[in-house]
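Please keep the sequence and the structure in view while reading.

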Amino acid sequence: MTSKRMIFLQELLALFGLKDRLRLEWISSSEAQKFVQVVTEFTEQIRSMGPSPLHGKHKIDRFAITGGMLNAKDNQKLD
Amino acid sequence: MQKTIRSWIEQGRVDLFIACKMSYGHPLPHVFSRGNLDECQQIVPDTFKYPLDKFALTLARQHPELKIGILARDCTQRSLNILRVWNQLEPDQIRPLPLSCCPSRLADSCDCSYLNPGECGQWKKEVGLDPGLSPEDVRDMPPDERFSRWMYEFSKCIKCYGCRNICPVCFCRECSLEHPDLVQTGQFLSEVPIFHLTRAVHMAGRCIDCGLCEQACPVDIPLRLLYSMVNQIVLDKFDYQTGTSQEQAPLNMLGTELA
């Protein structure tokens, strides 16, 4: 079930420009080395992708948007 | 249609029938039963798209022994399929009387004017998303642009919960969108984008494209487009078209089976 959800979620995040930031691994508590390896690898992968769009250059100013909506003739339904 | 409904009640095929009655010049939802059979003459089609399936679900939960009939638009029939798949309804609890009127991609015939998107304003086209786009159009945009346009749309949200309240396939008694550990509660503007992405994930394998959410949204977020993108993923990855059958859904079954 989890694998189905993860496949789906990875696609969904990719659609929003957050590709490759989610990963699923099954690691038992006795596989310490595998855990270390996976975490190091993934951390490096994320670091190389740069800051997340959520905190980076696309940070949205909500009040500017609301102001823009009220000033512009946005959508006929709002008139 | 009125005669059919009346005969269903008289013959005991259903105990109650949920349809619309012309009241004060407007087709309002109304329950017909043996006690008010004469009012069946005033039954009219549900042209204003009330979520009759939600009323039926509430009644069915309170009185599981009742047989409930319902005037079913195409979207209502799809939502009843989903409710059965997700174990919210027993197979014989609700009997739909079909009223074919749907222009969604998921249906065959069409008459419903609500799903025809109106002309979209200039500002929205530049910064946001035209609700008339298809999922493929959105996929063609570069990732940066996709992100910023969706963030614009989500940032308009005032967290009225209209989309969740009116959705016929949103049946959870405790909603994760009101759970403080999962989504930030208690502030006026919703937490963007977690609120909408959570809703989108819950709509995977459940949204049947009735369009009530987009109709209800006071700030015109293109929700039909969002959920159709989500269900497009479900179709591509799991080969499952939401709402068309009463077979078990991939995301409803534990384990790795898809059917």
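V39(A) is partly exposed, with a relative accessible area of 38%; buried means under 20%, exposed over 50% and partly exposed in between, with a 1.4 Å probe and protein chains only. The residue belongs to helix α2 (residues 32–49) of chain A, where a helix is a DSSP run of H or I with at least four residues, numbered from the N terminus. Together, F35(A), V36(A) and V39(A) make a nonpolar surface patch of about 270 Å².

## Basis of the model

The model is predicted: local features need pLDDT of at least 70, side-chain atom pairs count only at pLDDT 80 or more, and totals for chains, interfaces and linings use all residues. Residues are numbered from 1 along each chain as its sequence is written, chains are lettered from A and ligands numbered from 1 in the order in which they are written, and side-chain values use heavy atoms, without hydrogens and water.

## Helix α1 of chain B

Helix α1 (residues 2–10) of chain B holds the buried residues I5(B), W8(B) and I9(B). They lie on the same side of α1(B), because they cover an arc of only 95° around the axis, taken from the directions from the helix axis to the C-beta atoms. After α1(B) comes G12(B), with a positive phi near 80°.

## Contacts of F17(B)

F17(B) touches I5(B), W8(B) and I9(B), among other residues; contact means heavy atoms within 4.5 Å. Its partners also include H30(B), F32(B) and L97(B).

How values were computed: Helices (H or I, at least four residues) and strands (E, at least two) are DSSP runs, numbered from the N terminus. Patches are made of residues with over 30% relative accessible area and no salt bridge: like charges are joined within 9 Å, nonpolar side chains (Val, Leu, Ile, Met, Phe, Trp, Tyr) within 5 Å. Accessible areas come from the Shrake-Rupley method with a 1.4 Å probe; for residues, only the protein chains shown count as cover. A salt bridge is a side-chain nitrogen of Lys or Arg within 4 Å of a carboxyl oxygen of Asp or Glu. Lists of a residue's contacts leave out its neighbours within four places in sequence.
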